[in-house]
Amino acid sequence: MKIVVIGGTGLIGSKTVERLRKKGHDVLAASPNSGVNTVTGEGLAVALAGAQVVVDLANSPSFEEKIALEFFAASGRNLLAAEAAAGVRHHIALSVVGTDRLQDMGYFRGKLLQEKLIKESPIPYTIVHATQFFEFTAAIANTGAVGDTVRMSPAYFQPMAADDVADAMADVALAAPVNGTIEIAGPERVRMSELIGHFLKATNDPRKVVSDPGALYYGQVAIDDQTLVPGENARIGAIHFDDWLSRYTPPA
């Protein structure tokens, strides 16, 4: 089966491509660097020729509202139109648990627009809502940092490893479309302020975490204990945070 992975050279994309190729499928890792640009439409027709499945992992280059909305609108419309012309039978998109609850942030309004375009398209689809990735823990910490203090919400979340995300995306790519949304999450529900504090201590970061119920997620949107957690039927990843942390290497 020919499978096209849009954003196939990124964190999740490269891992998903590797898994699908190991299963014997013809997988194209598409990205602007390979001449495939969903925003402009460049290279889409050639890339999708003969494809049965498309996995969309492309992401906005910015959380800024205007950029995110324009990215997801253009990318979504161009990709879905090209898929329809190519006869693609399954469109899969990676989105975020709680997208509909995070609409005070422009980026998530863009993600919701992406999902709306998918649902309105005639192409059978599966939308995968994932929780936050362990790999973004440092970035989340930095969004609440002022000097030597990191203000973090004590709201619950249930982050997961990129390897577990890729396992799920590969499995969905080989399954029938559900024409709906599924959720995937990590094995542990934990307070964000506690996990960030644990991470900073384990990585010898001297900054102090302050638990602040008023702290905004990514500095933009208020969250509570329900905002970022999945429902009861989520697929749960196998990798625990401490196991991931034991192998973590801080970027240079």
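Which residues of the largest nonpolar core touch the most other members? They are Ile-6, Met-192, Ile-196 and Tyr-217, in a core of 44 residues. The model is predicted.

**Nonpolar cores**

- Two or more residues of the 44-residue core come from each of S1, H2, H3, H4, helix H5 (137–143), S7, helix H7 (192–202) and helix H8 (241–246).
- Another core lies apart from this one and has 24 residues, including Val-5, Val-17, Val-55 and Met-160.
- Ile-6, beyond its neighbours within four places in sequence, is in contact with Ala-30, Val-36, Thr-38, Leu-44, Val-54, Val-55, Asp-56, Leu-57, Ala-58 and Leu-79.
- One of these contacts of Ile-6, Leu-79, is among the buried residues of H3.

**Helix H3**

- Helix H3 runs over residues 65–86, which makes 22 residues.
- From first C-alpha to last, H3 reaches 31 Å, close to the 32 Å expected at 1.5 Å a residue.
- At the N-terminal end, Glu-64 caps H3, with a side-chain oxygen 3.2 Å from the backbone nitrogen of Lys-66.
- After H3 comes Gly-87, which has a positive phi, near 80°.
- The buried residues of H3 are Ala-68, Phe-71, Phe-72, Ala-73, Ser-75, Gly-76, Leu-79, Leu-80, Ala-82 and Glu-83.
- An α-helix has 3.6 residues a turn, so residues three or four places apart point the same way.
- The buried residues of H3 are covered by elements that include strand S1 (2–6), helix H2 (44–48), strand S3 (53–56), S4 and helix H4 (106–120).

**Aromatic pairs**

- There are 12 aromatic pairs in the structure.
- Phe-72 and Tyr-107 form an edge-to-face pair, because their ring centres are 5.7 Å apart and their planes stand at 70°.
- This pair ties together parts 35 residues apart in sequence, because Phe-72 lies in helix H3 and Tyr-107 in helix H4.
- Both partners are buried: Phe-72 has 1% relative accessibility, and Tyr-107 has a relative accessible area of 6%.
- Phe-134 and Phe-241 also pair edge-to-face, at 5.1 Å centre to centre and with 80° between the planes.
- Phe-134 sits in the loop between strand S5 (125–130) and H5, and Phe-241 sits in helix H8, so this pair ties together parts that are 107 residues apart in sequence.
- Phe-134 counts as buried at 1% relative accessibility, and Phe-241 is buried with a relative accessible area of 3%.
- A cluster linked by ring pairs takes in Phe-63, Phe-71, Phe-72, Tyr-107, Phe-108, Tyr-217 and Tyr-218.
- Tyr-217 of this cluster is also one of the residues that touch the most other members of the largest nonpolar core.

**Ser-95**

- Ser-95 lies in strand S4 (residues 90–96).
- Ser-95 counts as buried because its relative accessible area is 4%, under the 20% limit.
- The side chains of Ser-95 and Glu-115 are joined by a polar contact of 2.6 Å.
- Leaving aside neighbours within four places in sequence, the contacts of Ser-95 are Lys-111, Glu-115, Ile-127, Val-128, His-129 and Ala-130.

**Sheet S6-S7-S11**

- Three strands make an open sheet in the order S6-S7-S11, and the pairing is mixed.
- Strand S6 (145–146) and strand S11 (208–211) are the edge strands, each pairing on one side only.
- Strand S7 (residues 149–152) pairs with S11 in the parallel sense, over four bridges.
- Arg-151 has Val-210 in S11 as its bridge partner.

Methods:
Residues are numbered from 1 along each chain as its sequence is written. Side-chain values use heavy atoms; hydrogens and water are left out. Buried means under 20% relative accessible area, exposed over 50%, partly exposed in between (1.4 Å probe, protein chains only). A polar contact is a pair of N or O atoms within 3.5 Å; within protein, one must be able to donate a hydrogen and the other to accept it, and residues adjacent in sequence count only if both atoms are side-chain atoms. Contact means heavy atoms within 4.5 Å. The expected span of a helix is 1.5 Å times one less than its number of residues. Two strands pair if DSSP finds at least two bridges between them. A nonpolar core is a set of buried Ala, Val, Leu, Ile, Met, Phe, Trp, Tyr and Cys residues joined through side-chain atoms within 4.5 Å. Rings of Phe, Tyr and Trp (its six-membered ring) pair if their centres lie within 6.5 Å; planes under 30 degrees apart count as stacked, over 60 as edge-to-face and the rest as tilted.
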